[in-house]
Amino acid sequence: MIILSKLIRKGATELVELFKSDPRLIEEYIVSVYEVIDRVEDLVRSYITLRPLNEVLADGAKVRETLTNGFKGRLAGLLVAVKDVIVTKNLRTTCASKILYDFIPPYNATVIERIIGEGGIVVGKTNMDEFAMGSTTENSAFFKTRNPWDLDRVPGGSSGGSAVAVAAYEASIALGSDTGGSIRVPAAYTGIVGIKPTYGLVSRYGLISYGTSLEQIGPMARNVSDLALLLSVIAGYDPHDSTSLKVRDLNYMEFLKPTPMKKYRIAIIRECVSEGVDNTVLTAFNRSLRRFEEEGLEVLEVSIPIIKYALPAYYIIAMAEASSNLARYDGIRYGYHVSVEGRTWDEVYTEVRSEGFGLEVKKRILLGTFVLSAGYYDQYYLKASKIRKLLYDEFMKLFKEVDVVVTPTTPTTPPRFGEALTDPLKLYLLDTYTVVANLTGLPAISIPSDIVNDVPVGLQLIGPRLSEGYLINLAYIHELKSGLKDLVPTAVSGYV
Amino acid sequence: MSNLDIKIGLEVHTQITSLKTKLFCSCPSDYRGKPPNTNVCPVCLGLPGALPVVNIEAIRAALMVALALKCEISDVLVFTRKHYFYPDLPKNYQISQYDGPGSIPIAKNGYIVIGVDGGLKKVRIRRINIEEDPGKIVYPTGSLLTSKYTLIDYNRSGIALLEIVSEPDLRSPKEARAFIDKLRSILEHLGLVNTELEGALRVDANISLAGGSRVEIKNISSAKDVERALTYEIIRQSKALETGEKVRRETRHWDAIRKVTVPLRVKEFEEDYRYFPDPDLPPVKISLKLIEEIYQKLPELPDQRIERFIKTYGLSDYLATVLVSEKVLADYFEECVKYCGNPEIIGNIVVNDFKRWVDEMDIEVSKAVKILTPNQLCQLVYMLNNNIINIKILKEIIPKVLKYNKDVNTIVYEENYIDISNEEVLMRIIDEVIKENPKAVKDALINPKAVNYLVGQVMKKTRGRANPELTNKLIIKKLKELSGTP
């Protein structure tokens, strides 16, 4: 039996410091992460594409050399798992779809460039719901990813692979993407932290679009410090993305303070803690609130009745945008290909798209096509856009009174396989609390609230635009008080 | 062909060829002549994850056109996705603009004034859109209708296009042509479009006759062909209507080689493009300050130039209008005048001789002005003014210069074109002519107008070299001698 290096349990922030003082440790670290992958990957299946060890070691050697020459990369030597919705140059990027099963991008997403520029190493591309459409990662065209806390349960989605890779110590940190909760839901279900940044804070260039106006790339990590580290690297203006905000790069590490950096007033939304919430979730939620109150922070209850329209509005907008964004997959230039000999364009398109897309994707394309159709546009898309605006206004008003809104990340604990998929409406309900942040463009973080019956429960904090620093401050305080950091999930505890 | 029954509206697509880069990426906009699919990047190939960033220079260009066409300008720039599946469209939607809920074109409700049968006519502009050009479908073994297979070249994909749509105010193919000519001249004067580049200006024409349906003709690439295609359609449709046949609502394709329109697809209902505002390109304010700044910098436009030509050079309305209808032509005229004055003579030569031959020989004006340079033309004018050649000879020389690309002096000497103004030589020829045409002489003695015939005969004998005025004078003198009157 191989005795694992003690490096494996260390956080990213700590590792980078260690590597700077002794760059030779990078090799030991990489080898040990691959040993964990060897042991747990068959159980959990996080990766669609894992880079070969020798390639990654070669990258590590390069980073080691630059460190020796005084390089100060903030991610120097770290293994980063990347959701397979973010394009990586010369590394297959599938979106967990048959239609892109062999797509090798000729360019890197901006976030990948930034990570590599800071010495980070992409270890592999993680599993997800096809085109990020889903909340359980069950919609991957290739295989299901399992929750390392209970292999019979889903890990959440759509960034399930990234969440599990981090939670199961198959990578130090990861990138996910969040269109309606796709970072926060799997973070909550796997006992890690994940943040959906303010819309426009992180470049979307190279993020394969699903719901353009809703989604952001964000970091996922086993503790708040590591999350702050990765966010500091990826956040900032990018001229390649017209929706990118012209903000100065921030160092979020400065918000890792053990005490509140201001007298935060915390609001609970009544509509999010009444109907349809599991008791276990509610118990954990209340315990978290008490931790904040113990810090002398005020917790008050508010009501936002319009929130009940958030979910339908979200799905209309997301599906409409999806139907447009996914039009390009026709098998002509890249991806799933069929014989074109003697056939019309329309025949080729029909076959490629019928065979290349999975059921959930086709369903959303059809619904999206419908809501954008002449005669229905006003009834659906335009109306949904109005609700979105109203919701935004409500939150703007609320944030004049309070500093942060808290909700459970999800109303329930992770479903067992098949449980959610049988009832699509129930499945969509998993996103009830998370979609609000996407519709309004506000930042939202999910942190472990508690472990109940050996299954993690998540807490969501939503803040005003560009309040990531304060959210990190609060998350860090909660982490210190709860001790919920660097958790080791039950199913993999014997291997790491 | 009753003009009253015809309604024509045009959709003109023009590339902004003055731009350095494409509309949404940094690929060069000069795509012509490059090997297929080499002028591309993730953005204009629509690769997964790639995002558009608008080229601000394209917006400025669109605003210039909007101002020149007297349009109302939107206070916000919104791009809209127009969805349809076609292989030249890498995203299967085109980033364009639209007049509808949540969307607005950059400009609408303008007009262009065109000259029609000596009068002026205002043709309304419905809207101007900024949009991206699709790639190009190549038919290696024939045409759209006959090729065995197709290839796609995305070098053109993402080039900045303006779509300029007129109201159906045009009443004849001739008016349609005048509209295109005028629009083209405006775009040239703005310095935005080199309309001589292949594919830089493309026209779709909508035409309906009373009692028929609207037919769209696609893929017309010149003003001349717009006139031809519409004329063809009017004949086709009116014949059909006469025989009681139904004119279907359809899209037809202009076959520029066979000079016919052929059916492309029947339009039973309005295609649903599922327009919605492009979430990748958030709306941008168009400030009054920017519009003001662009307005101040607008160059002289065709209408102003025509007026100036008439005032400054004393040209006729007709000459000025023809000259300004093409910017290169007007520039050429002005350069010649700068060189050697004589605006009226030069105006006449440029319009009636130079332009006529350029059209006839089907060469580009921009090339022709490099052959018969202002210097060369001025030499001809000098020879004319100094009686070295006469006007008739000048008219003969111009096509020869254009055809053989030879120096005017060389032609004049090689062809022995020098004017015969020597009285002795001329008198000898006149004597011959008088001897040979006794009847004409008799007529000329009675009717002074018949003298012209005799002058003509002299010209014939000298292959035009005889100085006409001197010849005329000498013949009259000779006739007087013959009639015996002092």
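Tutor: Strand β2 of chain A (residues 79-83) runs parallel to β3(A) and is joined to it by 5 bridges, where two strands count as paired if DSSP finds at least two bridges between them, and where helices (H or I, at least four residues) and strands (E, at least two) are DSSP runs numbered from the N terminus. β3(A) also pairs with strand β1 of chain A (residues 47-50), here in the antiparallel sense and over 3 bridges, with A:Y47 having A:T126 as its bridge partner. β3(A) itself, spanning residues 121-126, is mostly covered, as 6 of its 6 residues are buried; buried means under 20% relative accessible area, exposed over 50%, and partly exposed in between, with a 1.4 Å probe and protein chains only.

Residues are numbered from 1 along each chain as its sequence is written, while chains are lettered from A and ligands numbered from 1 in the order in which they are written. Because the model is predicted, local features need pLDDT of at least 70 and side-chain atom pairs count only at pLDDT 80 or more, whereas totals for chains, interfaces and linings use all residues, and side-chain values use heavy atoms, with hydrogens and water left out.

In the loop between β3 and α5 (160-167) of chain A lies A:S158, which is joined to A:G157 by a cis peptide bond with an omega of about 10°. Another backbone feature of chain A is the positive phi of about 50° at A:N453, although this residue is not a glycine; A:N453 belongs to the loop between β10 (444-452) and β11 (455-462), and it counts as exposed because its relative accessibility is 66%.

A:D241 lies in the loop between α7 (224-234) and β7 (265-269) and A:R204 in the loop between β5 (193-196) and β6 (216-221), so the pair ties together parts that are 37 residues apart in sequence. A:D241 counts as buried at 2% relative accessibility, and A:R204 counts as buried at 0%. In another pair, A:K389 and A:D393 bring their closest N and O atoms to 3.1 Å; they are 4 residues apart in helix α12 (residues 378-401) and are therefore separated by about one helical turn. A:K389 is partly exposed at 48% relative accessible area, and A:D393 is partly exposed at 32%.

For a sheet in the other chain, chain B has an open one of 9 strands with mixed pairing, in the order β2-β6-β7-β10-β1-β11-β12-β13-β14. Its edges are β2 (72-73) and β14 (260-266), each with a single partner strand, so one side of each is left without a neighbour in the sheet. Within this sheet, β6 (residues 107-116) and β7 (residues 119-132) of chain B run antiparallel and are joined by 9 bridges, with B:A107 standing opposite B:I128.

Note on methods
A salt bridge is a side-chain nitrogen of Lys or Arg within 4 Å of a carboxyl oxygen of Asp or Glu.
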